[in-house]
Amino acid sequence: MKKNEARIKASEITPRELFYARRRFMQLAAGASAAALLPESVLAGDKLADVKTSAYTLPDKLTPMEDVTRYNNFYEFGTDKEDPAKNAGRLKTRPWTVTVEGEVNKPKVFDIDELLKLAPLEERIYRLRCVEAWSMVVPWVGFSLAELIKRVEPTGNARFVEFISLHDPEQMPGQKFSVLEWPYREGLRMDEAMHPLTLLAVGLYGEVLPNQNGAPVRVVIPWKYGFKSAKSIVRILFAEKQPVSSWTQSAPGEYGFYANVNPAVDHPRWSQAKERRIGEFLKRKTLPFNGYADQVAHLYTGMDLIKNF
Amino acid sequence: MTLKTLDASFVEGIKTGVFLLALAPLIKLGIGFYIDALGANPIEKITRTTGYWTLTFLLITLSITPVRRLLGWNWLIRLRRMLGLFAFFYGSLHFLTYLVLDQFFDWPAIVKDIVKRPYITVGFPSFILMIPLAITSTDRMISRLGGKRWRWLHRLVYLSAVGGVVHYWWLVKKDITNPATFALLLGILLGIRLIYRARGLIKVRLGPKTVSS
Ligand code: HEM
């Protein structure tokens, strides 16, 4: 108890710095030799170099890094929100490759470090709205997924993109349980994937993406519920047919393919009209398309968004 | 003195110990709140912890009678009322957390929840049913009602417990391990009662002599 209290008090002074100083120290101690072999900074907690600011900012207050990194839905590491922070240490993010294939003229296996240099990294502050009616404001680092898509030249048949996450129960202990069908799969329509807001993220708060947030590479689609934003991606597949997402497969009546944030369409078991912003007491009203309606509503003109939930 | 026949002062001691233990989850929450160690979403943590202990105390209360019969520890009955009241206590905290911290008296939203959210539709009456049980838990109320009527009324606790499990089952997103565990335990506790009942009936029909028990 005493030990705990002392730790809490210390972290109150400079929570982030202290947390990361300690973590970096442990990483250095544990993996000094491994780290020496690596060409560049790739460990969670390391600063990413040359990150530009971008036009994608928000007036909203940022959710503190401690909260963004310890309250996660990432069932590969357990179903409690504290589980990913506890269990994600086993994930090895190097070496890592992302295979991009399917309906493309130039299929390619990208090494993660090559991917990091594909386009200039920029910081983008996005709202994140979970389907469970809570939300955060997160400064991601990455670039538009469109940058990657352009380079592999999708064919005329490519109408959808599927993201496939790592499947390795040794590194992802939650996969020893069949809560969802592994590997985790998510998908977007081509125009959604090409939309400039759709981010290929490799960092958070200016640093290499922590494992529990989807390291080493994930997508972030800010106008959709969080589960659409696949994490720890190893394969990106272009296809003519609409892919079936893991959550849709597990409960088709509750989690649709589109999953656009929509206060007017409730989850069958709870309301989506409001959300609790992490760190705030009173709930806020949820905005259509999570506040990105001006940018994305046109993608869905003429569509019945109640049917296509 | 054996475990079957504890003397009164010893039972009083056990009762005090159980009372303090039963407060532990609340104290832990209180400390967690004070030192800001309830995680990123403290309101959710409080709702879940109080809900969890409501159901846990209901099941502990329901296990008193079967355990007492199986082991012959008659003194256990002296803990039952207190444990039942702790279930109601945590249930009240759970409901108040929802009312004040989660919804902040947003009555239209609360009514909508009760009508439209199946897990609240079930949770709400499960809590309401506990109120008359708590009110009639005093010695005076027991004698005023008479044992038979009192026992009949207190069978409502089965509905609360079943409702609590269904409530839990319906609110989890995907991982039903916990609610399924509670369902299994409740099933065992209710099953034992059915077996005792069935045996009772057989006893009546066959007459006491033929029953070896
Ligand atoms: C007015 C009545 C009630 C309301 C409004 C209510 C509401 C809630 C809410 C909002 C949650 C959290 C859901 C979430 O975080 O996703 C919850 C969880 C829970 N409630 Fe209730 N509840 C009520 C009555 C009860 C009763 C009577 C019991 C037990 C007999 C109970 C047991 C639980 C349990 C076990 C949990 C889950 C705890 C966990 O996740 O570990 N609730 N309830």
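The iron atom of the ligand has two protein donors, B:His94 (NE2) and B:His167 (NE2), which lie 1.9 to 2.0 Å from it; donors are N, O and S atoms within 2.8 Å of the metal (3.2 Å for Na, K and Ca), and water is not among the atoms, so sites may look incomplete. This pair links distant parts of the chain, for B:His94 belongs to helix α3 (residues 77–102) of chain B and B:His167 to helix α9 (residues 156–171) of chain B, 73 residues apart. The six donor atoms around the iron atom of the ligand subtend angles of 86 to 179 degrees, and the arrangement is therefore octahedral, a term used for six donors if opposite donors are over 155 degrees apart and all others between 65 and 115. B:His94 and B:His167 are both buried; buried means under 20% relative accessible area, exposed over 50%, and partly exposed in between (1.4 Å probe, protein chains only).

The model is predicted: local features need pLDDT of at least 70, side-chain atom pairs count only at pLDDT 80 or more, and totals for chains, interfaces and linings use all residues. Residues are numbered from 1 along each chain as its sequence is written, chains are lettered from A and ligands numbered from 1 in the order in which they are written, and side-chain values use heavy atoms, with hydrogens and water left out.

Chain B, which carries both histidines, has 10 helices and zero strands; helices (H or I, at least four residues) and strands (E, at least two) are DSSP runs, numbered from the N terminus. The C-alpha atoms of chain B fill a box of roughly 60 × 40 × 40 Å along the principal axes. Of the 213 residues in chain B, 36% are buried. Contacts (heavy atoms within 4.5 Å) in chain B between residues at least 6 apart in sequence join residues at least 24 apart in 65% of cases.

Charged pairs come next. Side chains of opposite charge can pair when their charged atoms come close. Over all chains, the structure holds 31 salt bridges, each being a side-chain nitrogen of Lys or Arg within 4 Å of a carboxyl oxygen of Asp or Glu. One of them joins B:Arg117 to A:Asp266 (2.9 Å, N to O). Because B:Arg117 lies in the loop between α4 and α5 (118–128) of chain B and A:Asp266 in the loop between α8 (246–250) and β12 (274–277) of chain A, this pair joins two chains. B:Arg117 counts as buried, at 3% relative accessibility.

A salt bridge also forms between B:Asp102 and A:Arg276 (3.1 Å, N to O). It crosses between chains, from B:Asp102 in helix α3 of chain B to A:Arg276 in strand β12 of chain A. Both B:Asp102 and A:Arg276 are buried. Salt bridges that share partners also join A:Asp60, A:Arg127, A:Arg129, A:Glu275 and A:Arg277 into one network.

A:Phe281, A:Leu282, B:Phe104, B:Phe105 and B:Trp107 make a nonpolar surface patch of about 500 Å²; patches are made of residues with over 30% relative accessible area and no salt bridge, like charges being joined within 9 Å and nonpolar side chains (Val, Leu, Ile, Met, Phe, Trp, Tyr) within 5 Å. B:Trp107 is found in helix α4 (residues 107–116) of chain B and counts as partly exposed, at 49% relative accessibility.

Methods. Accessible areas come from the Shrake-Rupley method with a 1.4 Å probe; for residues, only the protein chains shown count as cover. Four donors count as tetrahedral if all angles lie between 85 and 135 degrees; four count as square planar and six as octahedral if opposite donors are over 155 degrees apart and all others between 65 and 115; anything else is irregular.
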